[in-house]
Structures are given as structure tokens and as C-alpha cells.
Amino acid sequence: MTPPALSVEGRTYRPDEWMNTPPSILSAISRRLHLQPNHPISITRQLIESRFPDYKYHNDLFPIVTTHQNFDSLDFPPDHPGRSRTDTYYINKSTVLRTHTSAHQADTFRANQSSGYLISADVYRRDAIDRSHYPVFHQMEGAKTWDRLTEGIWADVAAIPAHGVAVEDPNPTIHPERNPLQTDFHSAEEVEAIATHLKRSLEDVVVTIFSAARAAATFGAVASPDAITEEPLKVRWVEAYFPFTSPSWELEVFWQGDWLEVLGCGVVKQSILNNAGVPNRLGWAFGLGLERIAMLLFNIPDIRLFWSRDERFLGQFAAPANFEKGRDLGLSRFVPYSKYPACPKDVAFWLPASSTPPASASSPTAPSPAGGLLPVSSSTAVHENDIMELVREVAGDSVEDVRLIDSFTHPKTGRKSLCYRINYRSLERTLTNEEANTLHEKVRERLVGRLGVQLR
Ligand code: PHE
């Protein structure tokens, strides 16, 4: 029996046995946080857009796309882990909720309306539960292309304002294995010009963001450790890999004592431009996660807050009238209105034979690196993301994080036991112990009924 047709904002889809998208996820589609006036995600988008005034902005591209758009058009190999149902929300075998804004790269290059564009949008990934991960988040993609005239690129490089921040960039542009020149299509000089334009443009973006974040920390209502830091901003480029760019990089910023990945980028694979019908053009692309940046700009401690409809949250932010460079944007830091008590509850169970949840992957554009690491395995019966989603389905935004606190393999039977600590805490009110117990009981039942585990 095939499931009934699914209608989303007037579009009709035919789910099949690949369907793994719960209604709670589909209902996020209509929220469009990146377009809500005065929402921190929207303010962050506008701040970055202000550094690319001549680019075309695409802010309303629909999130349900084909696997061709999300993966194949970007040269993802057939066995890439991102394609698995444990990581990606499917509607049917060839239809997914986009996992990144790059899903629109090829189409946007094909439309070829301008040499530079930005795409801001909601993206969807099955993932861990903690204060920096949510199955729906927002990315901004940017790209710039040129006709094959290197001189034009260098003239554009010269037009990018100097920022005076020290940048570490120790690696040569080309690494023969890890970051090869696309020798069939590009000369080393062309790639040098594109790479320079790419790096200067994105350095300008992070200097803008982090200067604004520091100003907010210094002048905001809440004193923060960054306020005292007089150290100059530190930025560095590291080699990276993406299926659709070569060479590729990540940009990292030294923030509160750690190197933080801010974005991924690279020289667009020429095959993508060729397939998009613009073989005479070449250029770069980047992608960044808006939540990760908004959290540090506004000092927002929990990613669930972005989804709040509570005026105590929404009422705290206002978009600056303009984002002119060097102007004090007067961004306000988030003032916590209250922290309600947490109700941690543990659940321990035996996995069905032959299943071990693998650790979840992370990328520079996902809200932040995944938390607790798990033993990695290629088995499929129960995936940690299935556990996460089950908890999310029961407890919604009343779960703050889910952590593996113990794992154990029986020496004789070889069976594996896991213990998770689920931290129930609402952002809006105090959960009673009884309410948390009711949620937890439901989680336990579903773990048995849905995933076939045996409770201990
Ligand atoms: N789409 C990539 C991600 O989600 C980011 C990226 C975009 C990398 C464009 C290179 C070029 O992590």
C-alpha cells in the first residue's frame, strides 16, 4: 500500500517507503525565520548581505528538492554518507528536504542572471540533540563567476576594501592530491585570481561579523568576557574537501579561546558550470551556517530559542536601519529572561543484535561541531539519529540535550548496551517532574516499539 499524497504549500508529492520526514519537520517550512523582520537570523542575513551589495539575493527558494539537485548535480558520489536516510529527510526515493543551500547552485548558475548571488534558506538534517543542534537550520550560500578573463578578476580583487586583520594562510593554493588544480579546465593563474578574490571577500565578511559581535559584547547590557579582550582578531584558512569545489577551504576565527569554523568554500568544479550550460564562466562558492553566527553575534545560548514565538525572546532584537561599514550597529545581546529547571532522566537498553549507532558527522555550516562521540560502526539497524528523532517527536522543544553516558558490550553474548541521559527543560516554563516522567515513559515505549531495543 502506498502512503497518501502529501501536499506542502500547494505542491503535491508522492511519498514512498523512503519517506522519513515527520510532520513536525514539515511544519517548520512555513516559518521562514530568515525573512521575519527583526529576527536574529534575519538580521544576521542582512548583515552579511550588506557586504555584497551588487549580488542578487534569492531568499525564497522552496526547500523540497530532488536528489539530483541536492547531490548528483554537485558530484556527490553514489555512496556518500550524506545521502543516507539516517542523515537526510526523504519524501520519496528521489525527493528530499535540502540538506544545504548548494542544492540550488546548478540551477542558479544556469539562470545566469548576474555574476554574483546569495541564497539564504532553511536546510534540514537529521542530527544530535543539544544546545547547538536543531534538525532545521539556516544557511547562506554565495557564488561569484567571471567570463574567462583573468584580468577582470584581478581588477575586482583590487576593489575589495583592506581589513588590516592578520590572516594565517600557510598552505599553497594547490595541493596535488587534496586540493588539485582542475587541470582540464583551469590555469594556475586563473585559480590564483579566483582564490584571492574569494579569500578577500570572505575575510571582509568575517571581520564585519566579528567586529559587530565584539562591539555588541562591549556595549551590550550584559557584561561578557569578550568585552575585556583587546587582542586583535585572528583568522585562518585551512584546507578542506567538498565534492563540488577544488581547491576547497574552511575559514576559522579565534573566538573565546577556540578556533571556530565559520564557513566552507572553494573554486567551483567546472563540470557543474559546464552542466549548467555556462562553460565559459568560472568562479567560487561559499556556504555558511546562520545560526552559528547569530548565536555568537547575539549571545544566544540555545538554538531552540530561534524557534520561540515568545515575545520575551522576539521582542529583544531590532534590525539596524542600515548596515553601513564602520557604523556601530548597536546590536543588542540576548538577555536571558529566565532559566527553568532541568529534569534529567536516563534510559538504558540493549540494542537489537548487530547494531551500533555511529557518531554523527559535522560540517562547517552546521550549527556547531557535534558533541559526545560515539563508537563508529557501519551497521544500520539502529542509528543514533533515529534515537534523537524519536525523542524529538515525543518531547518537541522541551528537550535540551541527549547524551550517551555509558556504553558496554557484554563479554560473552557480544550484545551492546547503551545508556542515554535525556535532559528535559522547557525554554518557556517549568516542567513538573510528572510531566517529564510522562514524556520519558513515552520515549521508553517508543524505543521498544519502534527501534526494537530491550530496556534494562
Ligand atoms: N554546502 C556546504 C555545506 O553544507 C558548504 C559549501 C558551500 C562548501 C559552497 C563549498 C561551497 O557544508
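Asn 299 follows helix H9 and has a positive phi, near 60°. Helices (H or I, at least four residues) and strands (E, at least two) are DSSP runs, numbered from the N terminus. The model is predicted: local features need pLDDT of at least 70, side-chain atom pairs count only at pLDDT 80 or more, and totals for chains, interfaces and linings use all residues. Residue numbers start from 1 along each chain as its sequence is written.

Stay with H9, residues 290-297. The helix is mostly covered, with 8 of its 8 residues buried. A residue is buried if 20 or more other C-beta atoms lie within 10 Å of its own, exposed if 12 or fewer, and partly exposed in between; the C-beta atoms are placed from the backbone. The buried residues of H9 include the charged pair Glu 291 and Arg 292. Leu 290, Ile 293, Ala 294, Met 295, Leu 296 and Leu 297 are buried too.

Now the whole chain. The protein chain has 12 helices and 17 strands. Its radius of gyration is 23 Å, close to the 23 Å that the globule rule gives for 456 residues, so the chain is as compact as a globular protein of that length. That radius is taken over C-alpha atoms, and the rule is 2.2 Å times the number of residues to the power 0.38. Along the principal axes, the C-alpha atoms fill a box of roughly 70 × 50 × 50 Å. Buried residues make up 40% of the 456 residues. Of the contacts with a separation of 6 or more, 72% join residues 24 or more positions apart. Two residues are in contact if their C-beta atoms, placed from the backbone, lie within 7 Å.

The domain assignment gives domain 1 (6-314) and domain 2 (343-455). Such bounds come from an automatic or database assignment. Between the two centres, taken over C-alpha atoms, lie 29 Å. The contact takes 36 residues from domain 1 and 26 residues from domain 2. On the domain 1 side, H9 returns: strands E8 (136-147), E12 (258-268) and E13 (281-289) and helix H9 each supply at least two residues. E12 gives the largest share, 4 residues. This side divides into 13 nonpolar, 10 polar and 13 charged residues. Ala, Val, Leu, Ile, Met, Phe, Trp, Tyr, Cys and Pro count as nonpolar, Asp, Glu, Lys and Arg as charged, and the others, Gly among them, as polar.

Last, a loop. Val 335 is found between helix H10 (311-314) and strand E14 (343-350). Val 335 is exposed, with 11 other C-beta atoms within 10 Å. Phe 313 is 22 residues from Val 335 in sequence and 8.6 Å away in space, C-alpha to C-alpha.
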